[in-house]
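Hi,

Here is the structure I promised to pass on. Please open it alongside this message, and have a look around before you read my notes.

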Amino acid sequence: MINAGIALLCGAAVSAGTWSVSRKIPLNANIVRFVPDPQRPWIYAVDRENSDVLFVNLDSRKIENRLYVGKDPTDCDIDATGNVLYVANKGPGTGVAGSWRIGVIALTNQTLVTSYITADLAVNVTAGRSGRLYYNSGFDGYDVRVFDKETGADLARFAIVKTHMVITADKTRLFGQYIYEGNLGAMGMFDVSSDQITLIDSLHYSPYPYGWDYDNYSLSGDSKRLGYGKILFNAASLKDQLGLFPEQVYGLNHDGSVAFGETGIWDCTTFQLHGDARRIAEMPFTTTLMVFDDAAQLLYAYNKGDKSLYVLEQTTRQGIPFRWLTRYALPTDDAVEAQDPDNDGLNTLQEWFLDSDPTRATLGLQLEWMSDHDLTIPDTSLARLYELEQTDTLGSHVWQRVAQLRGSGAGLVFNLTADAMQKPQAFYRAAVRIY
């Protein structure tokens with residue numbers, strides 16, 4: 001029989017002050033836009049390179065479905081019901097009738113139900129009040145179009161908006177950078193509460209006089225704060241500039257107290273009346289593609305370097321998510337990491353690594369022989385990776401990984417038949433990793 005040593009190794013979470021990476025979802029795809037489903041554990045991502053919409057299951061952390069909805073998709077948005085996804089398709093750009101379209105996907109069964117043929121190039125799309133969509137042609141420079149979802153007809157045009165657009169939660173105010181003269185751009189706030197759309201606020205920024213340097217409009221979940229360029233604005237009055245960031249920001253949390261930039265996470269409560277934001281933490285990678293999920297209080301950020309989605313959330317100093325602690329009615333201060341509420345010998349930080357219940361006594365990570373060549377880890381978590389490592393000499397600092405398996409929610413079995421033929425005597429240990 002192969003000799004076995006059993007040890008528990010807890011891989012540390014990737015920590016960034018009070019915000020940490022709690023999950024990683026490999027996509028192996030270049031995406032240009034994505035949106036979380038407000039009702040289901042899914043993210044929908046636009047793979048422009050392959051003209052696909054990717055359906056990413058947050059539970060399995062895999063792409064479970066791909067759907068072609070038109071040539072060269074560029075943007076997407078979910079309607080107010082949470083049941084329909086709209087995808088803007090730039091198309092081949094020939095101008096031939098039918099080449100530009102907005103795909104309509106039913107999220108209840110992830111199928112393409114129709115395509116709206118658009119009169120102009122569809123690059124950016126935003127879902128409005130019931131029955132209405134707004135789309136523009138990006139920097140190709142056509143007017144914003146109002147689209148009737150019931151009749152499939154373009155109703156009107158109201159301004160040449162070139163940038164990505166954001167809309168308030170009540171679907172009454174639309175923001176975007178528009179042409180106010182020649183090719184000069186200004187921030188615009190449009191009243192879209194009816195089909196009589198009007199410009200109700202504007203600001204010649206940023207930077208004056210051209211205003212096309214940025215494409216990073218973002219709204220807080222409560223619709224009271226607007227991020228654009230490197231400035232946080234009062235969304236009710238664009239002339240009220242609340243504070244300055246040293247970099248462009250691409251996401252805001254629910255009340256705009258936290259902003260997410262290319263390289264850092266920023267505390268916006270330090271602005272006072274006017275001033276600079278304080279850096280809370282570093283982003284784990286540089287990115288401009290991110291979405292804050294207001295319902296779940298999570299930031300999803302895409303890393304172009306490894307083609308993966310990362311989940312960032314507010315945590316203790318060593319990376320225990322507040323969300324996880326709250327589930328078990330535990331405090332969210334740093335001191336909780338060393339506490340052992342269930343007196344099982346594992347502190348809360350170790351319980352988080354194991355994804356076990358910190359309020360109910362558990363045995364921790366174990367390795368057990370099922371047969372001469374089968375090692376098992378019982379009671380594994382779907383949210384963890386488990387590694388089996390080997391060494392020839394017990395006490396050695398040199399361990400080699402033999403296998404890595406994702407947790408199953410039950411026991412995992414490592415078969416060592418092939419390994420035993422190479423090394424009839426060896427020691428093994430298990431490690432749990434957060435990914």
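Predicted model: local features only at pLDDT ≥ 70, side-chain atom pairs only at ≥ 80, totals over all residues.

Residues are numbered from 1 along each chain as its sequence is written, and side-chain values use heavy atoms, with hydrogens and water left out.

**The core**

A nonpolar core here is a set of buried Ala, Val, Leu, Ile, Met, Phe, Trp, Tyr and Cys residues joined through side-chain atoms within 4.5 Å. Buried means under 20% relative accessible area, exposed over 50%, and partly exposed in between (1.4 Å probe, protein chains only). The largest such core has 16 residues, and those with the most contacts inside it include F34, Y300 and Y302. Strands 5, 6, 29 and 30 each supply at least two of the core residues, and strand 29 gives the largest share, three residues. (Strands are DSSP runs of E with at least two residues, helices are runs of H or I with at least four, and both are numbered from the N terminus.) Leaving aside neighbours within four places in sequence, F34 is in contact (heavy atoms within 4.5 Å) with a list of residues that includes I43, C76, L289, Y300 and L309.

Why is strand 10 largely enclosed by the rest of the structure? Five of its six residues (101-106) are buried, so the rest of the structure largely encloses it. Two strands pair if DSSP finds at least two bridges between them. Strand 9 (84-89) pairs with strand 10 in the antiparallel sense over six bridges, and A88 stands opposite I102 there. Six bridges also join strand 10 to strand 11 (111-117), again antiparallel, with G103 partnered by S115. Strands 10 and 11 form a hairpin with four residues between them, and Q110 in the turn has a positive phi of about 55 degrees.

Strand 32 (374-377) and strand 35 are joined by four bridges, and D374 has N415 as its bridge partner.

**L203**

L203 lies in strand 19 (198-203) and is buried, with a relative accessible area of 15%. M187 is 16 residues away along the chain, yet the two C-alpha atoms are separated by 5.0 Å.

**Aromatic rings**

Rings of Phe, Tyr and Trp (its six-membered ring) pair if their centres lie within 6.5 Å; planes under 30 degrees apart count as stacked, over 60 as edge-to-face and the rest as tilted. The structure holds 14 aromatic pairs. W324 and W352 form an edge-to-face pair, 5.5 Å centre to centre with 65 degrees between the planes. This pair links helix 1 (322-327) to helix 2 (348-354), and both tryptophans are buried. The charged end of R384 sits over the ring of W352, 4.4 Å from its centre. (The criterion is NZ of Lys or CZ of Arg within 6 Å of the ring centre and within 35 degrees of the ring normal.) Elsewhere, K162 lies over the face of W212, at 4.7 Å from the ring centre.

Best wishes
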